[in-house]
Each structure stands twice: as structure tokens, then as C-alpha cells.
Amino acid sequence: MTEGGTKVGIRGIIFDLDGVLVHTDQYHFEAWKRLAGSLGIYFDEAANARLRGVGRMESLEIILERYSGPPLSGQEKCALAEEKNRVYQGLLQTMNPDSVALETVDTLSALKGRGYRLAVGSSSRNAKTILDLTGLGGWFDAVSDGVSITRAKPDPEVFLKAAQLLGLPPGQCAVVEDAASGIEAACAAGMLPVGIGGAAGDGRCRCRLNALPELLTYFQGDTSILYGAALHSPR
Ligand code: G6P
Ligand code: MG
């Protein structure tokens, strides 16, 4: 990518939160499992995997695919989602700075040291709570979350808002994601998609990571080469 004849690479890195910076999946799983159980719905890890990166109400609809009780009104569905969130928030209270891997903090610190602007881009309405409980918030120049957007991923809104808060054009931002919906949102935003965890195998990703510190091998020097062929971390 060039700007005024000068090569411009990535200047901002936007991180998804759940499944990338912190492992809240287990709490989402526990809270949804309790709700599903109260409705007589079978729920397991495989069903939970479908909810990764999916908004709260959309997640509820996926769970209700197996519901066979009397029809539920919109109000009742909202109450169910609120109940799940109440349980989830209770579980989140066990989080603290030790809930974050040291390598995650070291990676954020090194990227900041290299001059990258860092943001969080999460569909979660609990993102700020998680950032406060873990102490991660201090590493970010901007936070774009479920409270500040109207459309969850795969809509690009959350990432476009993050880039705007960073003061960068989308083409100068990379997105680190563990969910297909997030990779789709990054592509729709015109950002460089970086896959980790469940998204590492996604063919749309420019870089695929086994672990977060691998970002340091890609994001250094001339990052304009990252716009070329897809790069893969050695397994
Ligand atoms: C993230 C998680 C999803 C979650 C969504 C909404 O995208 O990966 O599993 O459903 O946020 O989170 P919230 O905390 O607002 O229910
Ligand atoms: Mg995620």
C-alpha cells in the first residue's frame, strides 16, 4: 500500500478480546450451559464452538434451535439473554491480572515499543469490565466494544469504529481474531486479517498464528509486504 508515493504498512493493530487476549470462552460456555439446561436443551462444547464471536442475542437464537417448548416472545428471549449475562458476569468476577498470559502482556508491550497503536475490537458488552478486572485496559489506545456499536460481527462496524478512534485509515490496521465472524468483519472493513486459534486455518487470513508472540515476527520493519501472499507461522 502506498500513500503519496511512500510505502505505508500497518500502523494499528486491533485485537478481538474473547479467545484472543483472554480466555472467557469457558465462562460463556458455563453460563449458556446453565441457561440451556433450564430450558431442557442439550448443550455441549461443539454447540458452544458455534457461538464463538457471535453476538449475545444471535447466540441465544442458535441455542434455541433445539428448543421444543412453548413459543417464546421477544420479551422472554431478552429476559433469557439477561439471565445468561447475569451468570456470566458472576463468573467474570474471578478474573484478575493473573488470568492474562504473560506472553500476551509481553507481546502488547513489545508492539507498543515498536510504535504500533493498539485497540480492542470486541462485540462484547462486557469488554470494559474484563479489561478493568485483568488490568489489560492500560495497553490500549482505543476500545471499541458492544456498547459503542449497533451491529455485531461479522458486520465491520466494531473494527471501523476502532480504526476511527485510533485515527487511522482501515487499510493501515490489522485485526487479530479467533472467530470466522471476526475474520469476515476484518475483510469487510478492508483491514489485514490475522488468524489465531479457531481462525488460524481460515484461508482469508494474511498471517496465521499458533500463539500471540508470533505477531512480533510479522509486525516489524516494512509491513507493507504483509499485503502480499498469505504468510503462515511454521508449525
Ligand atoms: C464475543 C464473544 C461471544 C459473545 C459476544 C457478546 O464476540 O466471542 O461469544 O457472545 O462477544 O458478548 P457479551 O459479553 O456482550 O454477551
Ligand atoms: Mg473471539
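This is a predicted model: local features need pLDDT of at least 70, side-chain atom pairs count only at pLDDT 80 or more; totals for chains, interfaces and linings use all residues.
Residues are numbered from 1 along each chain as its sequence is written, while chains are lettered from A and ligands numbered from 1 in the order in which they are written. Local features need pLDDT of at least 70 and side-chain atom pairs count only at pLDDT 80 or more, whereas totals for chains, interfaces and linings use all residues; side-chain values use heavy atoms, with hydrogens and water left out.

The protein chain is assigned domain 1 (12-22 + 97-230) and domain 2 (25-92), with bounds that come from an automatic or database domain assignment. Taken over C-alpha atoms, the domain centres are 26 Å apart. Eleven residues of domain 1 are in contact with twelve residues of domain 2, where contact means heavy atoms within 4.5 Å. The two domains bury about 840 Å² between them, 48% of it on carbon and sulfur atoms; this buried area is the accessible area (1.4 Å probe) that two parts lose on being put together, summed over both.

The magnesium ion (ligand 2) is coordinated at 2.0 to 2.2 Å by Asp16 (OD), Asp18 (O) and Asp178 (OD). Donors are N, O and S atoms within 2.8 Å of the metal (3.2 Å for Na, K and Ca), and since water is not among the atoms, sites may look incomplete. Asp16 lies in the loop between strand S3 (12-15) and helix H1 (25-38), and Asp178 in the loop between strand S6 (173-177) and helix H8 (180-189), so the pair ties together parts that are 162 residues apart in sequence. Helices (H or I, at least four residues) and strands (E, at least two) are DSSP runs, numbered from the N terminus. Asp16 and Asp178 are both buried, a term for under 20% relative accessible area, with exposed meaning over 50% and partly exposed in between (1.4 Å probe, protein chains only).

The structure also holds three aromatic pairs. One of them joins Phe15 and Phe140 edge-to-face, at 6.1 Å centre to centre and 70° between the planes. Rings of Phe, Tyr and Trp (its six-membered ring) pair if their centres lie within 6.5 Å; planes under 30 degrees apart count as stacked, over 60 as edge-to-face and the rest as tilted. Phe15 belongs to strand S3 and Phe140 to the loop between helix H6 (127-134) and strand S5 (142-144), 125 residues apart. Phe15 counts as buried because its relative accessibility is 0%, and Phe140 is buried at 10%.
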